[in-house]
Amino acid sequence: MEQETVPVATFIGRMVQHVLPKGFKRIRYYGVQATKTFAKVKAVIQAALAKVEGLVKGAVKIIARLTYRQRYEQSTGRDPFRCPHCGEEMAVWRIWHPKYGVIYDEGEVIKRGTYASTAQRAGP
């Protein structure tokens with residue numbers, strides 16, 4: 001047994017990790033989490049994962065997640081970052097939402113000095 005004295009915020013943070021969101025139910029008595037079957041199932045799962053691990057790593061490389069741009073182009077047939085009028089590639093400088101206002105402003109990011117983009121920008 002170990003004892004540790006921690007600040008209140010750390011203690012609450014550690015406790016909240018174990019609290020499920022409202023409306024969720026934790027089922028501990030049936031299935032894989034059941035105490036009497038967990039020990040049996042755990043060994044089987046670990047053995048299966050050891051056999052499949054090499055295949056899964058290869059599959060992840062093949063099935064890479066598509067970017068927003070790629071998904072949008074597949075569903076609509078047009079590139080969201082190409083100007084429909086002149087055909088030039090556009091850059092996102094500001095994102096505005098009708099309810100929340102400006103969500104992202106690249107000009108403000110540059111002013112703060114946290115800008116890390118390597119993309120070439122046209123401008124002064």
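**Notebook: salt bridges in a predicted model**

I looked up R94 to begin: at 54% relative accessibility it counts as exposed. My cut-offs are buried under 20% relative accessible area, exposed over 50%, partly exposed in between (1.4 Å probe, protein chains only). The model is predicted, so I take local features only at pLDDT of at least 70 and side-chain atom pairs only at 80 or more, while totals for chains, interfaces and linings use all residues. I number residues from 1 along each chain as its sequence is written, and side-chain values use heavy atoms, without hydrogens and water.

R94 pairs with D105 in a salt bridge, closest N and O atoms 3.1 Å apart. I count a salt bridge when a side-chain nitrogen of Lys or Arg is within 4 Å of a carboxyl oxygen of Asp or Glu. D105 sits in strand β2 (residues 101-105) and R94 in strand β1, so the pair ties parts 11 residues apart in sequence. Helices (H or I, at least four residues) and strands (E, at least two) are DSSP runs, numbered from the N terminus. D105 is buried, at 18%.

Next I checked R69 and E89, which meet at 3.4 Å, N to O. R69 is in helix α3 (residues 68-76), and E89 is in the loop between α3 and β1 (94-97). Both R69, at 24%, and E89, at 47%, are partly exposed. Salt bridges with shared partners join R69, D79, R82 and E89 into one network.

The structure holds 6 salt bridges. Another is R14 with E4, at 3.2 Å.

Last, confidence: mean pLDDT (the predictor's confidence in each residue, from 0 to 100) is 78 for the chain. Helix α2 (residues 35-62) is lowest, at a mean of 73.
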